[in-house]
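Thanks for coming. I will go through one structure, starting with the overall picture and then turning to the aromatic rings.

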Amino acid sequence: MKSGFIRVASAAPQHKVADVDFNVKKILAVVHELEKEEVDICVFPELSITGYTCGDLFHSSRLIDAAETGLEAIRKASESVSVAIIVGLPRRAGSALMNSAAIVQSGQVEFVDKIYLPNYNEFYEKRWFASGVVSDRIFECKGVKIGVELCEDLWSPIPPSSLLALKGAEIIFNLSASDDHIGKYNYLHSLISQQSARCISGYVYSSAGGGESTTDLVFLPKTIVAENGTILAQNDRKDFLSDNIVIADIDIEAVRHDRIHNTTFHDCAVNNGVVPDSSVGRVTYDVRELPKFRYVDPQPFVPPTDALMAQRCEEILTIQEAGLSSRLIAIGNPKIVVGISGGLDSTQALLVATLSMKRLNRPMTDIIAVTMPGFGTTNRTYDNAMTLMKRLGVTIREIPISQAVMQHFEDIGHNPDSHDVTYENSQARERTQILMDVANQVGGIVLGTGDLSELALGWATYNGDHMSMYGVNASVPKTLIKYLVRHFANEVDDKELRKALLDVIDTPISPELTPADSEGNIAQKTESFVGPYELNDFFLYYMLRYGYTPAKTVILARKAFAGVYDDSEILKWLKLFYRRFFSQQFKRSCLPDGPKVGSVCLSPRGDWRMPSDASSRLWIKEVEEIERMLLN
């Protein structure tokens with residue numbers, strides 16, 4: 001195991017029914033190829049040494065003897081390879097013949113017998129085999145605990161893998177021979193994904209394909225690797241004339257984290273009389289070793305396909321709108337007051353507000369949209385803000401803040417030529433004061449606009465834009481908000497509104513608290529100060545979702561952003577991320593209410609409880625150690 005990853009393979013090579021010599025040679029040829037890829041464990045199909053569709057030939061001593069000889073050849077070969085091999089064969093056990101899996105590693109062999117034998121429709125395994133006994137036996141292999149089940153076992157009401165996982169198995173291997181008919185593969189695919197999620201485990205599935213008898217049935221090869229509900233790798237079943245092999249790096253550290261975090265997992269083991277094997281080795285890291293056979297998404301908050309994106313956006317908008325609508329109903333249906341800057345966050349908050357008004361059959365004019373141009377406001381953002389408000393039909397109020405802020409500078413004795421934190425925060429607090437007072441004036445509530453990424457970095461003015469009566473974007477990261485706005489733009493018929501929304505997406509992210517440049521363009525760009533939001537959201541996801549160390553985060557970031565950011569950039573912004581994340585907790589400790597939309601959230605009431613004076617030293621120290629390793 002390297003840096004918490006275990007490399008697994010699922011193989012369904014070409015084979016011949018009852019030709020043991022051919023099948024064993026194929027298995028060993030695959031093993032030697034996998035050895036070159038540093039695979040830790042490989043699983044082959046059910047009865048892979050003989051073939052699954054041997055029928056009454058399983059009653060032939062010649063075939064069973066050959067299977068035993070074939071297994072011995074595999075055992076001897078395992079002495080000179082590092083790959084652990086899981087193969088299937090018919091095995092004598094006293095007066096019974098078992099459909100077995102053999103776990104072969106370093107010259108040692110252990111067996112697991114199939115428990116649930118199909119005896120319906122086209123399958124009559126009980127004609128040849130005896131059922132195994134339910135067992136919670138798990139095996140140590142390559143630094144992880146594994147369990148094995150066979151084909152029909154997975155389809156049973158209580159699969160053996162469920163008990164194996166509760167006992168401590170971190171990866172389940174399934175040797176199978178599943179024929180194909182309409183709709184079955186989709187169900188199987190879902191079953192594997194769901195079982196890996198329910199067991200909080202890796203699940204490696206291999207089903208026999210090309211070479212099985214087609215007398216009555218057709219077997220297409222199926223090789224699938226899943227991890228906690230996510231399919232990491234799968235073959236193309238149509239390529240049934242080739243050796244079907246998939247390789248993936250399973251994140252055992254993620255599995256271990258989720259089992260600890262999800263206390264239901266442990267409670268379920270206790271309530272079912274299972275004593276978990278609690279011995280877990282410590283993970284060591286080498287930041288120079290990257291998971292070769294694992295895709296690491298640079299935007300973990302963002303769905304990977306357009307279809308999933310549209311579905312996710314609809315779901316998020318529905319949650320945001322439902323949260324806001326329910327809150328409005330609960331407090332007497334006040335008006336909504338929201339500051340509009342022409343930036344992403346305020347645009348998204350405004351769009352959610354319009355959805356709530358529509359849901360509650362209220363006029364859009366009950367949204368009081370306030371734009372408050374100041375020292376850094378550019379024509380681009382001002383024009384977009386005005387277009388959005390006009391096209392959406394909300395009540396528009398324009399309240400410039402420059403004069404009021406200049407009076408404030410005079411009152412506190414601040415030099416307006418000093419563009420420091422006082423210069424910036426005075427504007428943010430002036431805007432918040434205006435919104436709060438307008439809300440009092442019209443009998444409304446202030447709708448917060450700040451997003452999850454800003455809260456993580458503390459990129460908000462305390463008691464300024466940090467404060468509101470309800471914050472609809474509080475659990476939506478910056479990298480996802482632009483997709484929400486784009487989704488809304490794609491759904492509207494108003495061409496002017498769509499144009500403005502798309503330009504908001506393309507506008508550099510900025511608080512616009514310092515003057516524009518000589519050409520009137522945004523000079524203060526947020527990502528120049530806190531780092532690229534795609535990096536920060538990546539760091540945030542893996543810190544909160546899995547509790548990863550800096551070393552593991554660097555390994556994943558180097559994989560995800562290869563060719564985009566070099567090591568020095570990743571480490572520079574990671575160090576700043578930790579400093580800001582820890583030092584800005586005090587702002588998150590008093591957040592307004594807001595709806596949770598994803599698994600990562602920073603609400604101090606339900607999702608993230610951290611003392612405001614916690615030290616970041618351990619994390620910073622590790623980043624500095626990595627810097628010395630990679631950059632010197």
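How many helices and strands does the secondary structure of the protein come to? The count is 21 helices and 17 strands. Please keep in mind that this is a predicted model.

Now the overall picture. The C-alpha trace spans about 100 × 60 × 45 Å along its principal axes. Of the 632 residues in the protein, 56% are buried. If we take contacts between residues at least 6 apart in sequence, 75% of them join residues at least 24 apart. The protein exposes about 27100 Å², and carbon and sulfur atoms supply 50% of that. As for charge, there are 64 positive and 80 negative side chains, and the centres of these two sets lie 1 Å apart.

On to the rings. The structure holds 24 aromatic pairs. One of them is Y541 with Y546, at 6.2 Å centre to centre and with 75° between the planes, an edge-to-face pair. Why do we call Y541 buried? Its relative accessible area is 15%, and buried means under 20%. Y546 also has a relative accessible area of 15%, so it is buried as well.

Another pair is F577 and Y578: the ring centres are 5.7 Å apart and the planes are at 65°, so this pair is edge-to-face. Both F577 and Y578 are buried.

Y541 and Y546 also belong to one aromatic cluster, together with F301, F538, Y542, Y548, F561 and Y565.

Last, charges over rings. K478 lies over the face of Y533, 5.1 Å from the ring centre. R588 lies over the face of F581, at 4.2 Å from the ring centre.

Notes:
Residues numbered from 1 in each chain as written. Predicted model: local features only at pLDDT ≥ 70, side-chain atom pairs only at ≥ 80, totals over all residues. Heavy atoms only, no water. Phe/Tyr/Trp six-rings, centres within 6.5 Å; stacked < 30°, edge-to-face > 60°. Buried < 20%, exposed > 50% of the residue type's maximum accessible area, 1.4 Å probe, protein only. Lys NZ or Arg CZ within 6 Å of the ring centre and 35° of its normal. Helix = DSSP H or I, 4+ residues; strand = E, 2+ residues; numbered from the N terminus. Contact = heavy atoms within 4.5 Å. Areas by Shrake-Rupley, 256 points an atom, 1.4 Å probe, with all protein chains shown as cover. Lys, Arg positive; Asp, Glu negative; His and termini not counted. Charge placed at Lys NZ, Arg CZ, Asp CG, Glu CD.
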